[in-house]
Amino acid sequence: MALERPLVFLGPPAAGKGTQAKRIAGLYDVPHLSTGDMLRDAVARGTELGRLARPIMERGALVPDDIVMGMVEERLRLPDCSGGFVFDGFPRTVPQAAGLDAILCRLRKPKPLVLELRVDRELLLRRVVGRRTCVVGGEIYNIYDAPPKVADVCDRDGGKLMQRPDDFPEVVEERLRAYERQTLPLEGYYRSRGLLQVVDGAASMEEVTRALVSIIEREQEHDGHL
Ligand code: AMP
């Protein structure tokens with residue numbers, strides 16, 4: 001299967017963006033570009049960007065647009081992105097979406113296909129509280145809905161599973177507020193451009209992946225007829 005358009009995943013924290021973006025990127029064999037992972041990596045390595053981003057991420061707010069845009073543009077210029085890519089957690093604001101349009105235009109790439117995962121607040125909170133991430137490979141689990149075979153150990157590489165510091169309840173509230181204030185306006189931005197598709201993110205992991213693939217394939221077939 002070939003991915004003809006860049007994919008953007010929209011949805012609140014713990015809607016399943018990371019899990020689904022990784023699965024879809026794997027199916028189409030293209031890079032999974034998570035700005036959250038890139039920023040966490042910069043924090044872990046103690047780079048200048050990481051030192052700047054760390055306090056902002058710790059309080060659950062968004063890192064400034066110009067920093068994120070520079071990081072994304074640099075990443076998109078690497079050769080592995082030539083056959084398509086899947087964003088996760090980007091864009092997060094209207095200026096980022098407008099910046100992405102400009103970058104895609106400069107790189108002569110097609111318009112993105114935007115997949116919104118809708119999940120109600122109660123389920124989101126359960127997912128956030130139960131989320132555990134492998135410190136080695138970044139594999140995502142949920143102690144309630146998708147537990148590892150052995151508690152706190154990654155099935156894939158044996159790495160220790162940790163709770164993200166920004167998944168603690170006070171920070172999650174702030175992240176949800178940031179989503180509602182700064183990211184939700186993207187729904188209108190992309191809908192008015194005819195680029196938005198909505199998926200029920202409360203279904204099982206496999207069902208959501210199936211629904212996403214069927215939208216991607218349908219849209220690509222439709223594009224092919226234009
Ligand atoms: P995530 O892993 O996508 O939930 O992102 C974790 C944190 O990284 C967010 O709460 C923000 O502080 C920061 N972050 C990730 N992506 C972006 C983005 N596109 N714009 C601004 N901040 C971001």
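Which residues line the second largest pocket? They are P12, E116, L117, R118, V119, R121, L124, L176, Y179, E180, L184 and E187. A pocket here is an open set of points on a 1 Å grid over the protein atoms alone, where a 1.4 Å probe fits, with protein on both sides within 12 Å along at least five of seven lines; lining residues have an atom within 4 Å of a point. The elements giving two or more residues to this lining are β4 (113-118), α6 (121-130) and α7 (169-183). Its volume is about 160 Å³, taken as the space filled by probe spheres set on the points. The lining divides into seven nonpolar, no polar and five charged residues.

This is a predicted model: local features need pLDDT of at least 70, side-chain atom pairs count only at pLDDT 80 or more, and totals for chains, interfaces and linings use all residues. Residues are numbered from 1 along each chain, and side-chain values use heavy atoms, without hydrogens or water.

Now the ligand. Around it sit 16 residues, of which T35, R40, A61, G89 and Q96 come nearest. Near means a heavy atom within 4 Å. Helix α2 (residues 35-45) gives the largest share of this shell, four residues. By class, the shell has seven nonpolar, four polar and five charged residues.

Polar contacts are pairs of N or O atoms within 3.5 Å. A polar side-chain atom of T35 lies 2.8 Å from a ligand nitrogen. The side chain of R40 places an N or O atom 2.9 Å from a ligand oxygen. V63 uses a backbone N or O atom, 3.1 Å from a ligand nitrogen. Taken alone, the ligand exposes 480 Å², and the protein buries 96% of that (Shrake-Rupley method, 1.4 Å probe).

Conventions:
Polar contact = N/O pair within 3.5 Å; in protein donor to acceptor, adjacent residues only side chain to side chain. Nonpolar A, V, L, I, M, F, W, Y, C, P; charged D, E, K, R; others polar.
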